Amino acid sequence: MSSEESLLGSEFEAEVGNVAHGGHCVARHDGRVVFVRHALPGERVRVRVTEGRPGDRFLRGDAVEVLQPSPHRVAPPCRFSGPGRCGGCDWQHADISYTRELKAAVVAEQLRRLAGIDLEVTVEPVPGDVDGLRWRTRVEFAVDRGGAPGLRAHRSHDVVGVDDCLIATHRVVGSGVLTRAWPGSTAVDVVAPSGTGDVVVVPVPAADAVPTVREHVATDGWSGDFEVGARGFWQVHPGAAATFVGHVLRELAPAPGERAVDLYAGAGLFAAALADAVGEEGSVLAIESDARAVADARRNLAARPQVEVRRGKVDRAMRPLVQQGIRSDLVVLDPPRSGAGKAVVRDLAALRPRAVAYVACDPAALARDVAYAREAGYGLRSLRAFDAFPFTHHMECIAILEPEGPG
Ligand SMILES: C[S@@+](CC[C@H](N)C(=O)[O-])C[C@H]1O[C@@H](n2cnc3c(N)ncnc32)[C@H](O)[C@@H]1O
């Protein structure tokens, strides 16, 4: 098909239907599905096509004019938000409580469609979050060819120049990263660690060794300190790590002497909390593939002899455990967006844990894996969903899985 046939830029009016996973809503045009950004369910809008050709199964578009607004529509607080502009947020044009309803609808739909589970889902703000703004403690700003910093447009390499980002913390923006040029860099990472630690700015590609930041996590009855590579994984919402660990500890209730496995362990957040709960008579096996994260985890967990940090891909590291007949009382898994997958879920079930906490940043991958868990004899006992990424379409779910009784 020739590029002349692209529908890019063509416009039509449409009724906007339900929200869909990915930060857009579903509309129909000429019998075809259109994923429309910058729209809300129930609206009538003028759509401009941003991706698609005549033969495609679906199109993508932006709502460039709102003909009948939703009662939940607001003027976006961010002046860089809107069609063709910064792609960092998806729902700046909706009031914050409604954005959480949209996310809850997405989680519920994924569970229904992929796991056959009907569940009423609530997406809760992370404790301490007031209006969904100024929460992001880690931001990778893009840099254009001329060295100017900004953020990327949606599904594009284009850099949109910005002098502020309303979801970034004041400390991130106050680092001055947006008021100077970055010649020779393709991106700049800014990390504002919790507490009083200095803000770290790392131009990418990094010329020197990437620095380490310190993070302190305190939740009811437990606290821990962590050193994390400034470009390594750490939750970006300042309340997220403590909220997730607190929930996982309450739900799993690890007891002294128990054995636990922490899959996709990162810098050792869950492994540390589990280790302190099971004590030295218990054990924790943490598995992580990234070399820098493994080094950070080994340092963070060095004072806990009951922990072993094993470097490897979870997909490969689980099989030998199963073959050796290893058992574990508890499993925590916190995989990347792609989820764990069938083989990992089958293998973790083969460790016969009494409970599993699945921390998930993608509800579709979670729902698929919950279905695999059910095949392996583990049912969904509870699910909580947290708005750990306000105004974006992202969220974090924590599912607790337990062995299903016979019958
Ligand atoms: C969402 S992060 C979770 C980190 C940690 N649990 C935390 O809360 O800070 C996912 C982690 O999985 C690691 N990872 C990704 N794919 C992996 C794989 N196949 N095997 C092991 N670790 C993997 C990443 O390096 C990253 O540290």
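**Note on ligand surroundings and helix packing**

1. Of the 16 residues around the ligand, those that come nearest are Tyr264, Glu288, Val314, Asp315 and Asp334. The model is a predicted one, and the values below are computed from it.

2. Three of these residues can be described by their distances to ligand nitrogen. At valine 314 a polar backbone atom is 2.8 Å from a nitrogen atom of the ligand. At aspartate 315 the atom concerned is a polar one of the side chain, 3.0 Å from a ligand nitrogen. For aspartate 334, an N or O atom in the side chain is 2.9 Å from a nitrogen atom of the ligand.

3. Val314 and Asp315 also belong to the packing of α6 on α7, as both are among the α6 residues that meet α7. Helix α6 covers residues 314-323 and helix α7 residues 342-350; their axes come within 9 Å and cross at roughly 30°. Angles under 35 degrees count as roughly parallel, and α6 and α7 are therefore roughly parallel to each other. The crossing in which α6 passes α7 is left-handed.

4. Which residues in α6 and α7 meet? From α6 they are Val314, Asp315, Met318, Arg319 and Val322, and from α7 they are Val344, Arg346, Asp347, Leu348 and Ala350. Sorted by class, this contact of α6 with α7 has six nonpolar residues, four charged residues and no polar ones.

5. The next pair is helix α3 (residues 240-252) with helix α4 (residues 269-278), whose axes come within 10 Å and cross at roughly 40°. The two helices are therefore oblique to each other. α3 passes α4 in a right-handed crossing.

6. On the α3 side, Ala241, Phe244, Val245, Val248, Leu249 and Leu252 take part; they meet Leu269, Phe270, Ala273 and Leu274 in α4. By class, the contact of α3 with α4 has 10 nonpolar residues, with no polar and no charged ones.

7. Helix α1 (residues 96-115) packs with helix α8 (residues 363-375) at an angle of about 35°, and the axes are 8 Å apart. This crossing, of α1 past α8, is right-handed. Val106, Val107, Gln110, Leu111, Leu114 and Ala115 of α1 make the contact together with Pro363, Ala364, Ala367, Arg368, Val370, Ala371 and Arg374 of α8. The class count for α1 with α8 is 10 nonpolar, one polar and two charged residues.

Methods: Residues are numbered from 1 along each chain as its sequence is written. This is a predicted model: local features need pLDDT of at least 70, side-chain atom pairs count only at pLDDT 80 or more; totals for chains, interfaces and linings use all residues. Side-chain values use heavy atoms; hydrogens and water are left out. Axes are lines fitted to C-alpha atoms, for helices over the stretch in contact, and angles run from 0 to 180 degrees between N-to-C directions. Helices (H or I, at least four residues) and strands (E, at least two) are DSSP runs, numbered from the N terminus. Angles under 35 degrees count as roughly parallel, over 145 as roughly antiparallel, 65 to 115 as roughly perpendicular and the rest as oblique. A crossing is left-handed if the near helix is turned anticlockwise from the far one by less than a right angle, and right-handed if clockwise. Contact means heavy atoms within 4.5 Å. Ala, Val, Leu, Ile, Met, Phe, Trp, Tyr, Cys and Pro count as nonpolar, Asp, Glu, Lys and Arg as charged, and the others, Gly among them, as polar. A residue is near a molecule or strand if one of its heavy atoms lies within 4 Å of it. A polar contact is a pair of N or O atoms within 3.5 Å; within protein, one must be able to donate a hydrogen and the other to accept it, and residues adjacent in sequence count only if both atoms are side-chain atoms.
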